[in-house]
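Subject: Structure handover

Hi,

Here is the structure for you to look through. My notes on what was found follow below it.

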Amino acid sequence: MTIHSGDWWYDEAAGPLVRPYALVSGRTRPVWGDLHLTTQVRAIRTSNDPAALSVEHTEIIKLCRKPLSVAEVAAYLHAPLVVVKVLLSDLIQRGDVITRDPSRMATAMDMNLLQKVLDGVRAI
């Protein structure tokens, strides 16, 4: 283990020695709804109280200036999916980010409208 001065929490071979559950105060489930891998997340404003946010929360807000999936956020943060879901849940509750689930939108299509489109294409 190589210790850098002032960096007692970091091991070059293992990476950060802070356990993922420490980032979310031991929480293992998001408080808010269903966050799937493909759920799109977008920041909608800068936090009113940035001092109340962790470094990870702030990083998520910066990343999500453009829409990203939950999986992409986890990849960019190099964090486990459950940790990212808990952090995103916090930000959703605060009103800092919004979500959109593309898989649910696909199933919510109006079948009558689709039938009319199909009938119109067949008439051509």
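First, a term: buried means under 20% relative accessible area, exposed means over 50%, and partly exposed lies in between (1.4 Å probe, protein chains only). By that scale Arg94 counts as partly exposed, at 30% relative accessibility.

On the source: this is a predicted model, where local features need pLDDT of at least 70, side-chain atom pairs count only at pLDDT 80 or more, and totals for chains, interfaces and linings use all residues. Residues are numbered from 1 along each chain as its sequence is written, and side-chain values use heavy atoms, with hydrogens and water left out.

Overall make-up

The chain has six helices and five strands. Both are DSSP runs numbered from the N terminus: helices are H or I with at least four residues, strands are E with at least two. The order from the N terminus is β-β-α-β-α-β-α-α-β-α-α. Of the 124 residues in the chain, 27% are buried. Contact here means heavy atoms within 4.5 Å. Take the contacts between residues at least 6 apart in sequence: 69% of them join residues at least 24 apart.

The sheet

Three strands make an open sheet, ordered β4-β3-β5, with antiparallel pairing. Two strands pair if DSSP finds at least two bridges between them. β4 (68–69) and β5 (97–100) are the edge strands, each pairing on one side only.

β3 covers residues 40–43 and pairs with β4 over two bridges, antiparallel. Val41 stands opposite Leu68 of β4. Gln40 faces two ways along the sheet: Ser69 stands opposite in β4, and Arg100 is the bridge partner in β5. β3 and β5 are joined by four bridges and run antiparallel.

In a regular strand, side chains alternate between the two faces of the sheet. For β3, Val41 and Ala43 make up the covered face, and Gln40 and Arg42 the uncovered one.

Helix packing

Axes are lines fitted to C-alpha atoms, for helices over the stretch in contact; angles run from 0 to 180 degrees between N-to-C directions. Angles under 35 degrees count as roughly parallel, over 145 as roughly antiparallel, 65 to 115 as roughly perpendicular, and the rest as oblique.

α3 (residues 70–77) packs on α4 (residues 81–94) at about 110 degrees, with the axes 9 Å apart. The two are therefore roughly perpendicular. Val70, Val73, Ala74 and Leu77 of α3 meet Leu81, Val84, Lys85 and Leu88 of α4. That contact has seven nonpolar residues, one charged and no polar. The classes: Ala, Val, Leu, Ile, Met, Phe, Trp, Tyr, Cys and Pro are nonpolar; Asp, Glu, Lys and Arg are charged; the others, Gly among them, are polar.

α2 (residues 55–63) also meets α4. Their axes come within 10 Å and cross at roughly 75 degrees. That makes α2 roughly perpendicular to α4. From α2 come Glu56, His57, Ile60 and Ile61; from α4 come Leu87, Leu88, Asp90 and Leu91. The contact of α2 with α4 divides into five nonpolar, one polar and two charged residues.

The salt bridge

How many salt bridges does the structure hold? One. The criterion is a side-chain nitrogen of Lys or Arg within 4 Å of a carboxyl oxygen of Asp or Glu. Asp96 forms the bridge with Arg94, and the closest N and O atoms are 2.8 Å apart. Asp96 is buried, at 1% relative accessible area. Arg94 is partly exposed.

Best wishes
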